[in-house]
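Please look over the sequence and the model before reading on.

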Amino acid sequence: MKTHKYLLIGVMAISSLTLSSCLKDQEDVFDGNASERMQTYLSDAQKTLMSSDNGWALDYYPDRNQSYGGFAYAIKFTSSSATVSSILQPGVSITSLYKMNTDNGPMLSFDSYNALMHFFATPNGDNYEAQDGDFEFVIDSVASDLVKIHGKRSGNTMYFRKLTESPEKFIADADSVAGELFVSGGDGTVGGSALSMSLDYNHQLATFTSGTETAEAPFTIVDKGVRFYEPVTIAGKTFSELSYDSSSFLFSGTCTDGTAVSIMAQLPEKYVKFAEYEGDYWLHYSRTPTVKDSCRVTLTPGSKNKTYIMSGLNENYTVTLNFQKSTGKLEWNSQKIGEYGGNNIWLCGWEYNTTGSLTWDTAAGMETTWNGDKVNPVYKFGPNSYPEYTITSFIMWKLTPSGSSGGEFAGVSSWRINSNTYRIYLLDNLTKIN
């Protein structure tokens, strides 16, 4: 489609030059020249964006392959500034400048720094190319309640949808759906045909299957459910979004021909919701290969629906546990816990009692499995799916600033785990106290 668009622009440009040379002595049949028409278009687009009292919802897709999925934004415009809210930081709004200009087309540019609007376009130490995000957008079409744009950098098509509620409520509702949307998929029908759906939250990608037919669709979590990057067509039916009822675990929607799509989600066995992990625990492990030990720790929510912070091992550091939304498990992976003596100090996943190998690959670690007891929950640790090593333990290790190994970290008593060890042998479980 992009090739066709550029070819069309080229044809139009050639035609314009031809007409200009042939008709230079005749009156211009259009109202104003091309520059004036462009300014009129930009002015009308800006008036439309400013006309919404509640602002606009934007399903923002970074990365030209939509490999991260989409993220809910809400933006309210004045004549010179835009107030941006996002599911990235619910409850936070940031106002910055924007401008309407021309750059190979009518352009909306958020040209002063905005931490939310520039989040996916700002490089950092871990990702110097950022995440292929946009803050400059070509305006493709304008209607009173829908403005179509595409990212100048990514080329992704996106839409401003006119809000009928406040930006704060839209983002809060989307965040609420995100908190309740932890099912891995389900089964149902679309227009009378059997339909299965699976959800990958790491990439915000839905996969639909009907018979031998399969369709993949990146999605954005919005105020009532999920909305797809492009309409999904499967089993001869097309739909663009699905509402989600967290009380019944039902996804539902309407196809373009008026028929229904309905999917009943199913929870994975022994699923634990994010909020249920908060509290105090006894962490059980071994301090030597033969001596068992325990330490009282506290789990506090970190990034909502994504991480927990575990404190209590030592006052100098905490450990971050990742919440796996699709399985309801907590994952303890290799991670940096601090700095000492010019080195970075890590808790590395360790394959103790097998090869003795350790790794600071942040994908390596252990994950929990609930015992199924709601009154006295115990979360048993076992190796996660890391393919190279079977992680059973953790060991404190030094990494130089350049990332190379500096050897085992020991001999600094103030950094000992539970005041007695630099190693966690055979990590066992978290037993909840309250």
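Predicted model: local features only at pLDDT ≥ 70, side-chain atom pairs only at ≥ 80, totals over all residues.

In β9, which residue is the bridge partner of I149? The partner is M158.

**The nine-stranded sheet**
- Nine strands make up an open, antiparallel sheet, ordered β4-β3-β2-β1-β9-β8-β7-β6-β5.
- β4 (93-97) and β5 (99-102) are the edge strands; each has a single partner strand, so one side of each has no neighbour in the sheet.
- On average, neighbouring strands of this sheet are turned by 30° against each other, direction ignored.
- Five bridges link strand β8 (residues 146-151) with strand β9 (residues 157-162) in the antiparallel sense.

**Helices on the sheet**
- Helix α2 (residues 34-51) lies across β1, β2, β5, β6, β7, β8 and β9, and runs at about 90° to β7 (136-142).
- Helix α3 (residues 167-180) packs on the sheet and touches β1, β2, β3 and β4; its direction makes about 175° with that of β2.

**Strand β24 and its partners**
- Strand β24 (residues 343-350) is largely enclosed by the rest of the structure, because eight of its eight residues are buried.
- One side of β24 carries N343, I345, L347 and G349, the other N344, W346, C348 and W350, and all are buried.
- Strand β23 (residues 335-340) runs antiparallel to β24 and is joined to it by five bridges; Q335 has L347 as its bridge partner.
- Two residues lie between the strands in the hairpin of β23 and β24, where G341 takes a positive phi near 60°.
- Strand β28 (residues 393-399) is joined to β24 by seven bridges, also antiparallel, and M396 is the bridge partner of L347 there.
- Strand β25 (residues 358-359) pairs with β24 in the antiparallel sense over two bridges, with T359 as the bridge partner of G349.

Notes. Residues numbered from 1 in each chain as written. Heavy atoms only, no water. Pairing = 2+ DSSP bridges. Helix = DSSP H or I, 4+ residues; strand = E, 2+ residues; numbered from the N terminus. Axes fitted to C-alpha atoms, helices over the stretch in contact; angles between N-to-C directions. Contact = heavy atoms within 4.5 Å. Buried < 20%, exposed > 50% of the residue type's maximum accessible area, 1.4 Å probe, protein only.
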